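Here is a short report on one protein chain. Keep the sequence and the structure side by side as you read.

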Amino acid sequence: MRPSAAMIRQIRRARIFTAAGWILALPSLATVEALEEKAAKEPLWADSALEISDPFEEELRRTCLRISKKLASVTDSDCLDAGLTATGWSSVQGIPLLVREFPPIDGRRPLGRILLIGGIHGDEYSSVSVVFKWLGILRRHHSGLFHWRVVPLVNPDGLLRRRSTRMNGHGVDLNRNFPCPDWHAATSDYWVRRTSRNPRRYPGPDPLSEPESHWLAEEIERFQPDVIVSVHAPYDVLDFDGPPEPPDRLGPLQLKLMGTYPGSLGRYAGVHNSLPVVTIELPSAGSMPSIEARRAIWVDLVRWLRQRLQVPTPKVAR
Ligand SMILES: [Zn+2]
């Protein structure tokens, strides 16, 4: 049906009214400023809410972007493609604690459960970068022989602040915040007498007072790892706590038993829970070991895990 002249006039009038309605509906300048101010306070993704369906995905994207800006050896896609998932826990400053799981072959008992962690000290950059590199190896070559849980960054607040720190968002050395018998007396004695209240070694007000250490202790309880591998820097050695026998070396890193400190993960898991803790101390906190050295450490670690876990050793009560 062709529209009549009267109908065309009616449509035009309606359009004009609609346009006028839009103009009238526009906010005043003051309102616009208020809206802009509100938008500035809102998270970056608030204005694209239609595109974002999963808040975790967005949180992951932001965290990966921050990690890749901080660490020259970790690209945004290294982090985004790593398959990291939420633990349900966040750091003091609300950054999600992320984990990647590599399960055993379906229906098969794994040779062992391995918990691999990096970045418990936020200023040991290489410890985070190396764990991301090994996570990349697992993504390509995971055979299902072991059941891995990989946490590349235990202390995101320490790493991601403008000037990275060893400590977390509360100024606590997470590696002094794990339980041990008579924790208050032991950690306080060590901190006051041996370190002269060095803020970099502050153990915190109570054992597991920090969300990062609290989560890790619960994760150890849940996952029941056969071995914990914790990456640090810059002492250029291999350290070991827990039941014997430690590896003699991993790649270029020679075994050197450095002892444990009250509140450390080594004393908590290794000494008090009879759980082997392999501590990899890379030679530099600020730069990565060569690709050959990284590969050699990894190959020796996996070889040692196979040998150690091939014949189950009797477990001491945990
Ligand atoms: Zn460290």
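Serine 196 is exposed, with 8 other C-beta atoms within 10 Å. Exposed means 12 or fewer such neighbours, buried means 20 or more, and partly exposed lies in between; the C-beta atoms are placed from the backbone. Serine 196 is not a glycine, yet its phi is positive, about 50°. It sits in the loop between helix H7 (183-194) and helix H8 (211-223). Helices (H or I, at least four residues) and strands (E, at least two) are DSSP runs, numbered from the N terminus.

Glutamine 224 also has a positive phi of about 50° without being a glycine. Its loop lies between H8 and E5. Glutamine 224 counts as exposed, with 12 C-beta neighbours inside 10 Å.

## Model and confidence

This is a predicted model: local features need pLDDT of at least 70, side-chain atom pairs count only at pLDDT 80 or more, and totals for chains, interfaces and linings use all residues. Residues are numbered from 1 along each chain as its sequence is written.

pLDDT is the predictor's confidence in each residue, from 0 to 100. Its mean over the chain is 86, and 81% of the residues reach 70 or more. Over residues 11-49 it stays under 50, and the model has five contacts beyond four places in sequence for them. Residues 313-318 are also below 50, with six contacts beyond near neighbours in sequence. Where pLDDT is low, the predicted coordinates should not be read in detail.

## Overall build

The chain has ten helices and nine strands. Of its 318 residues, 37% are buried. Two residues are in contact if their C-beta atoms, placed from the backbone, lie within 7 Å. Among contacts between residues at least 6 apart in sequence, 72% join residues at least 24 apart.

## Helix H3

Helix H3 (residues 55-70) has 16 residues. From first C-alpha to last it reaches 23 Å, close to the 22 Å expected at 1.5 Å a residue. That expected span is 1.5 Å times one less than the number of residues.

Which residues of H3 are buried? They are Thr63, Cys64 and Ile67.

Strand E9 (residues 277-281) is mostly covered: five of its five residues are buried. Val277, Thr279 and Glu281 point one way, and Val278 and Ile280 the other way. In a regular strand the side chains alternate between the two faces of the sheet.

Two strands pair if DSSP finds at least two bridges between them. E5 and E9 run parallel, joined by five bridges. Here valine 229 has valine 278 as its bridge partner. E6 and E9 run antiparallel, again with five bridges. There leucine 238 is partnered with isoleucine 280.

Proline 234 lies in the loop between strand E5 (227-232) and strand E6 (237-241). The peptide bond from alanine 233 to proline 234 is cis, with omega near 10°.

## The nonpolar core

A nonpolar core is a set of buried Ala, Val, Leu, Ile, Met, Phe, Trp, Tyr and Cys residues joined through C-beta atoms within 7 Å. The largest has 59 residues; Ile114, Leu116, Val131, Val229 and Ile280 touch the most other members. Helix H5 (residues 125-141) gives the largest share of this core, seven residues.
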